[in-house]
Amino acid sequence: MGVFDVDYNKIQERTDFPYEVVTTHHTWIEMSDGTKLSAKMWQPKSMEQTKGTVLEYLPYRKDEFTALRDEIRHKYFAGMGYTSVRVDIRGTGDSEGIIEDEYPKQEQDDALDIIAWIENQDWSNGSVAMIGKSWGGFNGLQLAALQPKALKTIITLCSTDDRYADDVHYRGGTMMASDMLWWASTMFAYNARPPFPKHVGERWYDMWLDRMENTPPFVEAWVSHQARDDYWKHGSVGEDYSAIQIPVLTMGGWADGYTNPLFRLMDNLDVPKKGIVGPWAHEFPDMAIPGPQMGYLQEVTEWLDRWMIDEGDRENHKDEFLVYVQDGVKPATTYDYREGRWLNLYDEEAERVDILRDITGEVELLNRQHHGLYSGVFCPFGQEGDLPDDQRIENALATSFMLPKQDEHLNIVGQAVAKVRVKSEQAKANLHVRVTDVHPTGEKTLVTKGQLNLNHYKSHEFPEDLPAGEYIDVEIPLDVIGYQIEAGHNIEISISPTYWPQVWPDAELADLSVDLDRTALLVPVINDFKEARLKHEQSETASPLEKEILREGYRTRNVVKKLTTDEWVLDDFSDEGLRTLTDTNITYGSTNHNVYTIRENDPLSAKVECDWTVVVKDDDIDTEVVTKSIMSCDAENYYLFNEMTGYHNGEECFHKTWEKTVPRYYT
């Protein structure tokens, strides 16, 4: 399955909607500067004024890449009496202009124009909700903070409140080698796809060439901002939670990379709110794996009905925070289903337990460059091989501490925090902490983990040299989790200066020591709780589009040791398949090959290479874009290389390379 595909085997189709739906495949929305953005709309037939407007605003192309998922959800909202609008961001899909970066001010200004346009339509009742997963979850939060009057609520999934400390670029001040280049290379290829002549006319070719020539490789800006400066503060709603004054429905999953922000939103937003966290990957929870899935669209529609029509009853609203506590299981890189139980976290109180309290002494940490290769994908979409493998190899490559067997079950629910007294002999270093569930038969399941650039232990904005040879006290938040460690199991804690490829290594090998007498790992525990139930346990969607599968997708993910060169390689290939949407005769697909390489005892050998091939064609065009992106380093600099080649009707029509050197700054 590709990341934008829909598994039709999971669809529970609803057919008895209150309203018949009419679809407009393309309409222009003009921005303040005259640029026109392309929108697709689903509307209830024979309603002069609909119940409100649901807006999803993305760079992922409404005509094909998100068409399958859009249809089953936006048509659902329209069938329930809402106008549902899906807009291509400036410079993507059929929209004019150039996309300059993630979440720039221009994107937000355009969204304000879109909301104003909606307000002025005859079918509009003046109420708008923004809805979205990932990018759409991000810009929903950002627009809520701008407080346009018509925006009544947002539904945000798999998003973040802090674009620096908790995203795909940097986490805990460490550079994300696993995702920094991969995600940039993804957008580099995605942004280069052409608009369709049927919507923009004969100028499509010039627009396509303009995109390939002038859309920048985002990685150049991201690597150029290695500390938490104004670049990252922009769009980070955690700078001022009070700016969000409308109700918020937020969802996420334990297998996703964006669950920590959801907990912070629930802790800090002072508005009517509801949070739901299941076992899911980076996907909508009506289709996501691991199961159980939920009735996402029913949940959202009820939320819209509450806050869109008469602006809701805030006085009598009761916040809920529904969290799924997963049963402990043996490690696997894919799960279809995770057994567990729901609780309402607002009805429970966690006890903070120091599980390191009986471990004492001083220890020097192992420093192995290939530690982390079995960590799984940071932000899994639910593809095969995404999740962490058995941690026995990983734990042997770190300094690990086995705790005594559990006499009783232990439910870890929330965010553990490692308080570590650590000493470095070098001026720069990273630190990674992991917790694993050790089964009686020996298998080790990753429970949670966290990372910190030690140079950021005082501030992500103003990093500084470590006091070499002196102990410092640092705090490392581990990823939030709901996980039951069963009686008879052990807990193992692993600490390391490395975690490749989720952490780009320091320029030199760091010699770290930890004073365990003054180190703690505080874990939130809720052993006995009142079990809750979701109101909508069974998912349902509108009817899907017809599609023809031309090439099935597949995924391989291999760890290789090159014995002749002493290199470790993580080789990750994904063919997302090739399919045709039969109603529009649009054919699209992609392949992606990512290679992460490092040599033992040589952190400067770290290298990432990401290759993409993206195909888009219909009755009028036949295009292919091929890209290559490479990131490497030495002690002083990062080196970025990007290359793009465009093909029309099988012939090369564009080629360009970008090269940039960026000085290292405490990473």
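Trainee: Which residues of helix 9 are buried?

Mentor: In this predicted model, they are T259, N260, P261, L262, F263, L265 and M266.

Trainee: And what makes helix 9 largely enclosed?

Mentor: Seven of its 10 residues are buried, so the rest of the structure largely encloses helix 9. The cover over those buried residues includes helix 3, strand 7, strand 9, strand 10, strand 11 and strand 16.

Trainee: Take I276, in strand 10. Why is I276 called buried?

Mentor: The cut-off is under 20% relative accessible area. I276 has 0% relative accessibility, so it counts as buried.

Trainee: What is I276 in contact with, neighbours within four places in sequence aside?

Mentor: The partners are T250, M251, G252, L262, M294, E299, L322, W342 and L534. L262 is also one of the buried residues of helix 9.

Trainee: Let's turn to rings. Why is the pair of F138 and Y258 called edge-to-face?

Mentor: A pair of aromatic rings is described by the distance of the centres and the angle of the planes. Centres have to lie within 6.5 Å to pair, and planes over 60 degrees apart count as edge-to-face. For F138 and Y258 the centres are 5.7 Å apart and the planes are at 80 degrees, so edge-to-face it is.

Trainee: What parts does that pair tie together?

Mentor: F138 belongs to helix 3, while Y258 is in the loop between strand 9 and helix 9, so the pair joins parts 120 residues apart in sequence. Both residues are buried. They also belong to a cluster linked by ring pairs, with Y60, F65, Y103, W135, Y190, F378, Y588 and W612.

Trainee: Y190 is in that cluster. How do you know that R193 lies over the face of Y190?

Mentor: For Arg, CZ has to be within 6 Å of the ring centre and within 35 degrees of the ring normal. R193 lies over the face of Y190 at 4.4 Å from the ring centre. K198 does likewise with F196: its charged end sits over the ring, 5.4 Å from the centre.

Trainee: Last one: how do helix 1 and helix 10 pack?

Mentor: Their axes are 11 Å apart, at an angle of about 35 degrees, and the crossing is right-handed. Helix 1 brings I72, R73, Y76 and F77 to the contact, and helix 10 brings Y296, L297, Q298, V300, T301 and L304. By class, that makes seven nonpolar, two polar and one charged.

Conventions
Residues are numbered from 1 along each chain as its sequence is written. This is a predicted model: local features need pLDDT of at least 70, side-chain atom pairs count only at pLDDT 80 or more; totals for chains, interfaces and linings use all residues. Side-chain values use heavy atoms; hydrogens and water are left out. Axes are lines fitted to C-alpha atoms, for helices over the stretch in contact, and angles run from 0 to 180 degrees between N-to-C directions. Helices (H or I, at least four residues) and strands (E, at least two) are DSSP runs, numbered from the N terminus. A crossing is left-handed if the near helix is turned anticlockwise from the far one by less than a right angle, and right-handed if clockwise. Contact means heavy atoms within 4.5 Å. Ala, Val, Leu, Ile, Met, Phe, Trp, Tyr, Cys and Pro count as nonpolar, Asp, Glu, Lys and Arg as charged, and the others, Gly among them, as polar. Rings of Phe, Tyr and Trp (its six-membered ring) pair if their centres lie within 6.5 Å; planes under 30 degrees apart count as stacked, over 60 as edge-to-face and the rest as tilted. Buried means under 20% relative accessible area, exposed over 50%, partly exposed in between (1.4 Å probe, protein chains only).
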